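This report walks through one protein model, residue by residue and then strand by strand. Look at the structure, then read on.

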Amino acid sequence: MYHAVSAEPSEATRTLSVTPRAFAEQMAAVADLGLTPLDTAQLAACWRTGRPLPARPVLITFDDGYEGVHRHALPVLAQHGFPATVFVSTGWLRGPYGTGGAPDTMLDWDQVRELSAAGVEIGGHSHTHPQLDQLPDEALRRELILCKEIVSDLLGAAPASFAYPYGYSSRRVREAVRETGYAQALAVGNTLARRRQGPYALRRVTVRRGTGAEEFLRLLEGRALTRTFARDRALTKGYAMVRRARQVRRKAIRSRV
């Protein structure tokens, strides 16, 4: 899972960004190891139908829709002939549906169309990138439906795949994503994707600015993930408790009203 690909990212995106040089070196490592990239829809379709996956499959995904994905990542992907999936928050993109508030320079819709024409799968990532599990039902469905309708209108095809903003979801959110018409969805989790996770909770590992060459190779090979992401998991568990407490308070307030 990538975010921004930029030599000079904003402070808000720096930690979760990679430099163009690092990205090129990482894609060269994917090629050297003989891995077979595929997009999210292809992976899910194989697991859903029982069709065999290609040898040593790997997903290359980008969240949010940063401009550097077009400027820096696309030429590298094209060089290797690698497919990928870009999950866009439609309200953050530059253009007629922009709502402002994006943390860095984002794609515009001409660039999104060029990515799509080059074989990159365009998936949904909500409209304004909220914490979906904290939204009431109506607002949750509005975020999902608006994102899907905008992508459909501007690209001529509905997005089949979704990625949860901030990487987490709840059963209610996953059900809403399914009912909105997305065929599969990705979380984070920082473990390898497995068929048993189901099509709406497939996991990914995070590539960030501090990911060195040796660590990246370990991620590709699925080695030492527990140790590598131990701090992330501790933070995730702690924040999950906070989120559940917030939901309980909201329900209590609504019941009193």
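## H3 and its contacts

H3 touches L16, F62, D63, D64, Y66 and V69, leaving out residues up to four places away in sequence. The model is predicted. H3 itself sits in the segment before α1. Its relative accessibility is 11%, under the 20% limit, so H3 counts as buried.

Is S17 buried or exposed? S17 is buried, and its relative accessible area is 0%. Beyond its neighbours within four places in sequence, S17 is in contact with A4, P9, R208 and R209.

## The chain overall

The protein chain has nine helices and eight strands. Of its 257 residues, 45% are buried. The chain exposes about 12600 Å².

## Strands β4 and β5

Strand β4 covers residues 85-88, and β5 covers residues 121-124. The two run parallel and are joined by four bridges. Within this pair, V86 stands opposite I122 in β5. From β4 the chain crosses through helix α4 (residues 109-117) to β5, a right-handed β-α-β crossover.

Which way do the β5 residues point? E121 and G123 point one way from the strand. I122 and G124 point the other way. All four of these residues are buried.

Strand β7 spans residues 184-189. Five of its six residues are buried, so β7 is largely enclosed by the rest of the structure.

β7 pairs with two strands. With β6 (residues 161-163), the pairing is parallel over three bridges. There, S161 stands opposite Q184 in β7. With β8 (residues 202-204), the pairing is parallel over two bridges. L186 stands opposite L202 in β8.

A helix is part of the picture too. β6, helix α6 (residues 171-180) and β7 make a β-α-β unit, and that unit is right-handed.

A183 is found in the loop between α6 and β7. Its relative accessibility is 27%, so A183 counts as partly exposed. Not counting residues up to four places away in sequence, A183 touches R48, A160, P199 and Y200.

How many residues separate A183 and T40 in sequence? They are 143 residues apart in sequence. In space, the C-alpha to C-alpha distance between A183 and T40 is 10.0 Å.

## Two residues with positive phi

Most residues other than glycine have a negative phi. R56 has a positive phi of about 50° although it is not a glycine. N190, likewise not a glycine, has a positive phi of about 50°.

R56 lies in the loop between α2 and β2. With a relative accessible area of 42%, R56 is partly exposed. N190 lies in the loop between β7 and β8. With a relative accessible area of 6%, N190 is buried.

## The second largest pocket

The second largest pocket has a volume of about 600 Å³. Its lining consists of 27 residues. Which of these residues lie nearest the centre of the pocket? They are P57, V58, L59, L192 and A193.

Several elements contribute to the lining. α1 (20-32), α2 (40-49), β2 (57-59), β8 and α7 (213-221) each supply at least two residues. α7 gives the most, with four residues. β8, one of the contributors to this lining, is also the strand that pairs with β7 over two bridges.

How values were computed: Residues numbered from 1 in each chain as written. Predicted model: local features only at pLDDT ≥ 70, side-chain atom pairs only at ≥ 80, totals over all residues. Heavy atoms only, no water. Buried < 20%, exposed > 50% of the residue type's maximum accessible area, 1.4 Å probe, protein only. Areas by Shrake-Rupley, 256 points an atom, 1.4 Å probe, with all protein chains shown as cover. Pairing = 2+ DSSP bridges. Right-handed = clockwise from strand over helix to strand, strands pointing away. 1 Å grid on protein atoms, 1.4 Å probe; cavity = no way out; pocket = protein on both sides within 12 Å on 5 of 7 lines; lining within 4 Å. Points joined across faces, edges and corners; volume = space filled by probe spheres on them. Contact = heavy atoms within 4.5 Å.
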